[in-house]
Amino acid sequence: MAPSRGLRPLLRTRIPALKLHARRYSEFVAAATDPSQKARVFVSQSQDPYLNLSIEHYLLQRTPKDSTILFLYTNSPCVVIGRNQNPWIEVNLGVLRNEELGVKLVRRRSGGGTVFHDEGNMNYSVICPFSAFNRDKHAEMVVRALKSLGVEKARVNERHDIVVDKEDKEGALKPFKVSGSAYKLTRLRSLHHGTCLLSSPNLESISKYLRAPAKPLIKARGVDSVSSPITNVGIENLKFQEAVTFEFRSLYSTMGKASVWDRSIFFVDEKAKEVPEIAYGLEELMSEDWIYCQTPQFKFSTRSTTETDAIQSIPSSWPSALRGVSFTSLLLMQGY
C-alpha cells in the first residue's frame with residue numbers, strides 16, 4: 001500500500017477529534033467575549049472552588065469592558081481566605097488536613113476576610129465597568145431577591161454585609177450575617193462577589209476551621225477577619241439563583257431586549273478547564289506557592305518580646321524543641 005493511502009484513514013479519524021476538543025470550550029469563550037451582550041448571566045455547574053474562581057477571573061479579564069456580568073456558583077466545602085490574609089492566623093490547618101469532610105484551603109484574588117463555603121452556600125459575582133462600581137448596589141440587589149423569597153428582615157449594614165435581624169439564644173434581637181462581600185478593582189473593571197448562607201449543614205462546625213491555634217504567636221501584616229454571628233436563610237439554591245437572576249435582569253433590562261435574556265444565561269461546566277487562561281489560573285490557585293507563600297510578611301515567635309508584645313508563650317502541647325525560638329518564616333505548613 002502506498003504511504004499516502006495508509007495515512008489517509010488516520011487523518012480522517014484525528015481531525016474530527018481535534019475539532020471536537022476545540023469546540024468543547026469555544027461556545028463559552030464566544031459567550032464571554034461577545035461585544036453585543038451588555039448584560040449577561042453565567043452559572044457554573046462545577047463545585048470546584050479553584051475552577052470557579054478561575055472562571056470568575058477570566059470573566060473579569062475577558063468580558064467586554066462596557067458589559068455587566070452576573071456569575072453564580074456553588075463550591076464544595078472549603079475555607080477561602082482573602083488575597084492579603086495569613087492562613088496560619090485565619091485557619092486551623094491541622095483540623096483542615098485531618099477532617100473527613102475534605103475541606104480545601106483557597107486563597108482568592110480579591111481582598112476581604114475569610115469565609116467558609118459548602119453546598120448550602122451560593123456565591124454571586126457581579127463584574128461591571130469601574131465607573132459604575134458601588135459597594136452597596138449589588139448587595140441591595142441580593143437583598144431584594146431574598147425579600148422576594150420571604151426573608152423580609154434582610155438588609156445591608158454599614159459594613160456592606162447582608163444581615164438578618166433575629167433573636168439570639170437569650171431572646172435579644174440582633175443582626176446575624178448571611179452574606180459577606182469582597183472586591184477587586186482594575187483600571188477598567190470592578191468585581192464584587194459575595195456568598196449567601198442558604199442552608200449550610202455545617203453552620204455549627206464552621207468555627208472549628210476558623211479558630212487558628214497559632215494566632216497568639218504571630219505578629220503579622222495584612223488583613224484580619226472580623227467575626228460575626230451567622231445564620232442560614234432557609235432557601236433552596238435553585239430558588240435563590242432564579243431570584244437573583246430575576247433581580248439582575250430587572251436592574252439591567254435597559255441594556256438588552258427582554259427576548260434576548262433566556263439565551264444570555266450560559267451554563268459553564270468542567271470543560272472550562274480547557275480554556276488556556278482558565279487552566280493557568282487554576283494551576284496557580286492550587287499551588288502551595290499561591291496559597292501559602294503569597295502571605296504578607298509575618299513574625300512567628302514562641303515567646304513574648306518587646307517588638308511582639310501581643311505574642312504569647314508557646315502552648316505546653318507543642319514540641320519542647322520549639323521553646324524559646326523566634327523567627328520569620330513562610331514555611332509553617334505542618335498544621336500548627
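1. Start with histidine 160. Its relative accessible area is 23%. Buried would require under 20%, and exposed over 50%, so histidine 160 counts as partly exposed. Keep in mind that this is a predicted model.

2. Where does histidine 160 lie? Look in the loop between strand 7 (154–156) and strand 8 (162–167). Check the backbone there too. Phi of histidine 160 is near 70 degrees. That is a positive value in a residue other than glycine.

3. Now turn to helix 2 (residues 49–62). At 1.5 Å a residue, its 14 residues should span 20 Å.

4. Is helix 2 enclosed or open? Of its 14 residues, 12 are buried, so helix 2 is largely enclosed by the rest of the structure. Among the buried residues are Pro49, Tyr50, Asn52, Glu56, His57 and Leu60.

5. Next, a helix pair. Helix 5 (residues 137–148) packs with helix 7 (residues 237–251) at an angle of about 125 degrees. Their axes are 9 Å apart. Angles of 65 to 115 degrees count as roughly perpendicular, and those over 145 as roughly antiparallel. Helix 5 and helix 7 are therefore oblique to each other. Their crossing is right-handed.

6. Which residues make this contact? Helix 5 brings Lys137, His138, Met141, Val142, Arg144, Ala145, Leu146 and Ser148. Helix 7 brings Phe240, Ala243, Val244, Glu247, Phe248 and Leu251. By type, the contact residues divide into nine nonpolar, two polar and three charged.

Technical notes:
Residues numbered from 1 in each chain as written. Predicted model: local features only at pLDDT ≥ 70, side-chain atom pairs only at ≥ 80, totals over all residues. Heavy atoms only, no water. Axes fitted to C-alpha atoms, helices over the stretch in contact; angles between N-to-C directions. Helix = DSSP H or I, 4+ residues; strand = E, 2+ residues; numbered from the N terminus. Parallel < 35°, antiparallel > 145°, perpendicular 65-115°, else oblique. Left-handed = near helix turned anticlockwise from the far one by under 90°. Contact = heavy atoms within 4.5 Å. Nonpolar A, V, L, I, M, F, W, Y, C, P; charged D, E, K, R; others polar. Expected span 1.5 Å × (residues − 1). Buried < 20%, exposed > 50% of the residue type's maximum accessible area, 1.4 Å probe, protein only.
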